[in-house]
Amino acid sequence: MDGDIAELYAKLNLTENESEAINLEDVVDEDIELKASLSLVGKLLTKKPYNLNHMKNALTSAWRLAKGFNMKEIGDNLFACEFNSKSDRIRILNEAPWHFDKQVIIFEPLSGNLQPGVVGLEVSPFWMRIYNLPLNCRGKAAVTKIAGKVGRIIECSDDEMGTWERFSRVRVMVDVTKPIVRGTKIINPLGESCWVAIKYEKIQNFCYWCGHLDHTVADCETKPEEMEVEEWPYGPVL
């Protein structure tokens, strides 16, 4: 499988001929570079098999692109979407996350130097909402400090900053290899410890036991067999 290539390479005892590198700096294909600039590499965050054509049909309906797009499998649970305009590519990235069969699709720009065997695709953008903030901790500095615990901040909703709304809203890059962050303890300006809750927009399926996004509780390998629903640490409230 493509994901094992880098690990296999590290274990190889290369011969002299295999160790001699071929320099490709002078053979970069401009047409391929152009195609890359119009493309995204993607991965469906799931442990189950799926049909790429069915996903393409679902995305075609959701995206409603005037000029369409092509989708090709390029590796193990890895595919490339080639658009016919850069504006379409930018819009799809900006409006992420997208889903298929209620599972998150991770997208990132396709670089011409990208190798399918070493693609990470471990972060995805989400709008998160921070609830129950102290009334004197609703400025941008406080909100971004809390959001930074979840992931790299890429956008703030200024309309909810420093207001008396129910929540403050921030767009962050979430590490999808880790459990969802449900909230965090904070120390308010009086030195008191308190809890603020976090919820996410456009998260559909995830595990109510371990908090990971690539499966549901029915397929969780770590959930005890005998466990009441009310004992699950996560739930639809997120």
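Predicted model: local features only at pLDDT ≥ 70, side-chain atom pairs only at ≥ 80, totals over all residues.
Begin by selecting helix α4, residues 52-63, which has twelve residues and reaches 16 Å from its first C-alpha to its last, close to the 16 Å expected at 1.5 Å a residue. Within α4, colour M55, L59 and W63, which are buried. Because these three cover an arc of only 55 degrees around the axis, they lie on the same side of α4. An α-helix has 3.6 residues a turn, so residues three or four places apart point the same way. Turn to the other side of α4, and you come to N53 and N57, which are exposed.

Next, look at the two ends of the helix. N51 caps the N-terminal end of α4, with a side-chain oxygen 2.9 Å from the backbone nitrogen of N53, while R64, the residue that follows α4, has a positive phi, near 50 degrees.

Now show what surrounds the helix: the buried residues of α4 pack against β1 (39-44), β2 (69-75), β3 (78-83), α5 (86-94), β4 (98-100) and β5.

From there, move to the largest nonpolar core, which has 30 residues, and select M128, Y200 and L213, the residues with the most contacts inside it. The elements that each give two or more residues to this core are β5 (103-109), β6 (123-131), α6 (140-147), β8 (167-175) and β10 (193-200). If you centre the view on M128 and leave aside its neighbours within four places in sequence, you will find it in contact with A147, V150, S168, R169, V170, V172, I198, K199 and Y200.

Finally, select L44, F83, I92 and A96, which are among the 17 residues of a second, separate core.

Notes: Residues numbered from 1 in each chain as written. Heavy atoms only, no water. Core = buried A, V, L, I, M, F, W, Y, C linked by side-chain atoms within 4.5 Å. Buried < 20%, exposed > 50% of the residue type's maximum accessible area, 1.4 Å probe, protein only. Helix = DSSP H or I, 4+ residues; strand = E, 2+ residues; numbered from the N terminus. Contact = heavy atoms within 4.5 Å. Expected span 1.5 Å × (residues − 1). Arc of directions from axis to C-beta. Polar contact = N/O pair within 3.5 Å; in protein donor to acceptor, adjacent residues only side chain to side chain.
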